[in-house]
Amino acid sequence: MPLNLPILLTWLRIVMIPLVVGMFYLPESWLSVPARDVIAAAAFVLAALTDWFDGWLARRWQQTSAFGAFLDPVADKLMVSAVLLVLLDLGRVDVFVSLIIIGRELTISALREWMAQIGAAASVAVHRIGKFKTAAQMVAIPCLLLDNAISWFPARQIGGVLIIVAAILTLWSMLFYMQRAWPIISERSR
């Protein structure tokens, strides 16, 4: 396993998961609800920025690796799934939205792994639709974490709309990837 700054940033994202989730289980006597929400949203934004930054650094410094390519999406999916479960517990996101997003991540991860094993990874490479889905999620989730912590900012409303947009893009991107993989799946299942 190579150890460099981009991979350390990816590991940092994984380490931040229990910190972000744990914020919601601290007693209110330790931290007020608005302060907790702001800190959790800020930590999520920091994690999202490290996702962009570690990839940029790896490419710029020519430190890309198979392990980094594996770990980066795992860290992203773990963070998003963990935070969606917290938001579900808090009643800030719908169960169907959570199931759609988490289910898609599991399905597409498995599809990509299988396609890589048979030498057809290019057919399910990241596409623009998936990037739009990720962008919608990465804005919606901090807004939902913020909830009403900042009185003048309608975070709950913005997050609520964007998480539905993210769920729609999630389904669309899953159908897109499945459609691209289907000819190969059909051929291999004969």
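## A buried charged pair

Glu105 and Lys133 are both buried, where buried means under 20% relative accessible area, exposed over 50% and partly exposed in between, with a 1.4 Å probe and protein chains only. The model is predicted, so local features need pLDDT of at least 70 and side-chain atom pairs count only at pLDDT 80 or more, while totals for chains, interfaces and linings use all residues. Residues are numbered from 1 along each chain as its sequence is written, and side-chain values use heavy atoms, leaving out hydrogens and water.

The side chains of Glu105 and Lys133 form a salt bridge, at 2.7 Å from N to O. A salt bridge here is a side-chain nitrogen of Lys or Arg within 4 Å of a carboxyl oxygen of Asp or Glu. Because Glu105 belongs to helix α4 and Lys133 to helix α5, the pair ties together parts 28 residues apart in sequence. Helices (H or I, at least four residues) and strands (E, at least two) are DSSP runs, numbered from the N terminus.

## Helix α5

Helix α5 covers residues 128-146, and its 19 residues should span 27 Å at 1.5 Å a residue; the end C-alpha atoms lie 28 Å apart, which agrees. The expected span is 1.5 Å times one less than the number of residues.

Among the buried residues of α5 are Ile129, Gly130, Lys133, Ala136 and Gln137. The buried residues of this helix pack against α2 (33-60), α3 (66-89), α4 (95-117) and α6 (155-188). After α5 comes Asp147, with a positive phi near 55°.

## Arg104 in helix α4

Arg104 lies in helix α4. With a relative accessible area of 3%, Arg104 is buried. Setting aside neighbours within four places in sequence, Arg104 is in contact (heavy atoms within 4.5 Å) with Leu99, Gly130, Lys133, Thr170, Ser173, Met174 and Tyr177.

## Salt bridges around Arg13

Side chains of opposite charge can pair when their charged atoms come close. The count for this model is 11 salt bridges. One of them joins Arg13 and Asp54, at 2.9 Å from N to O. Arg13 is in helix α1 (residues 5-22) and Asp54 in helix α2, so this pair ties together parts that are 41 residues apart in sequence. Both Arg13 and Asp54 are buried, Arg13 at 2% relative accessibility.

Arg13 also forms a salt bridge with Asp72, with the closest N and O atoms 2.6 Å apart. This pair links distant parts of the chain, Asp72 being in helix α3 and Arg13 in helix α1, 59 residues apart. A network of salt bridges links Arg13, Asp51, Asp54, Asp72 and Asp76.
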